[in-house]
Amino acid sequence: MNASTDLDTLADFFDRYGVALTSGDLPAIAGCYALPGLVVADTYSFSFTTPAAVALSFVGAAPDYQNRELVAAHARIEDVQPVSALLTMVAVEWEFLDSRGQSVPGERYRYLLRTSDDGPRICTVVRTG
């Protein structure tokens with residue numbers, strides 16, 4: 001097994017993750033994470049060690065997407081860097097689509113992914129802008 005640097009594999013993974021985010025599918029979101037996992041931003045960091053903790057950390061996201069009428073998310077992969085045999089750093093800019101079909105600018109993140117038998121999983125998320 002090698003770190004996932006194949007753009008099709010990464011695009012499929014982020015497509016699934018984006019659908020889970022915008023639909024509020026907490027079990028699917030949790031399934032995208034390797035455990036333990038870490039989220040890092042300018043003013044906070046938190047970790048989680050169980051799928052339930054991952055799901056709990058995203059409980060507020062679904063209502064936010066609904067309030068903003070975001071119905072779809074697309075991850076534009078900006079950069080892929082192999083880190084080790086099983087780790088890959090991926091820079092992503094999220095682009096959203098609202099219920100009127102309008103593009104909504106998203107945010108940028110770096111994801112440290114670990115390749116497993118089930119495909120890539122997020123180990124660490126860093127909000128970059």
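I take a salt bridge to be a side-chain nitrogen of Lys or Arg within 4 Å of a carboxyl oxygen of Asp or Glu.

The model I am reading is predicted, so I note that local features need pLDDT of at least 70, side-chain atom pairs count only at pLDDT 80 or more, and totals for chains, interfaces and linings use all residues. Residues are numbered from 1 along each chain as its sequence is written, and side-chain values use heavy atoms, with hydrogens and water left out.

**Entry: salt bridges**

I searched the whole structure and found 7 salt bridges. One of them joins the side chains of glutamate 93 and arginine 76, at 2.4 Å from N to O. Glutamate 93 is in strand β4 and arginine 76 in strand β3, so this pair ties together parts 17 residues apart in sequence. Strands (E, at least two residues) and helices (H or I, at least four) are DSSP runs, numbered from the N terminus.

I looked up burial next: buried means under 20% relative accessible area, exposed over 50%, partly exposed in between (1.4 Å probe, protein chains only). Glutamate 93 is buried at 14%, while arginine 76 is partly exposed at 33%.

Arginine 76 also forms a salt bridge with glutamate 95, with the closest N and O atoms 3.6 Å apart. I then checked arginine 108 and glutamate 78, whose side chains meet in a salt bridge of 2.9 Å, N to O. Arginine 108 lies in strand β5 and glutamate 78 in strand β3, 30 residues apart. I recorded Arg76, Glu78, Glu93, Glu95 and Arg108 as linked in a network of salt bridges.
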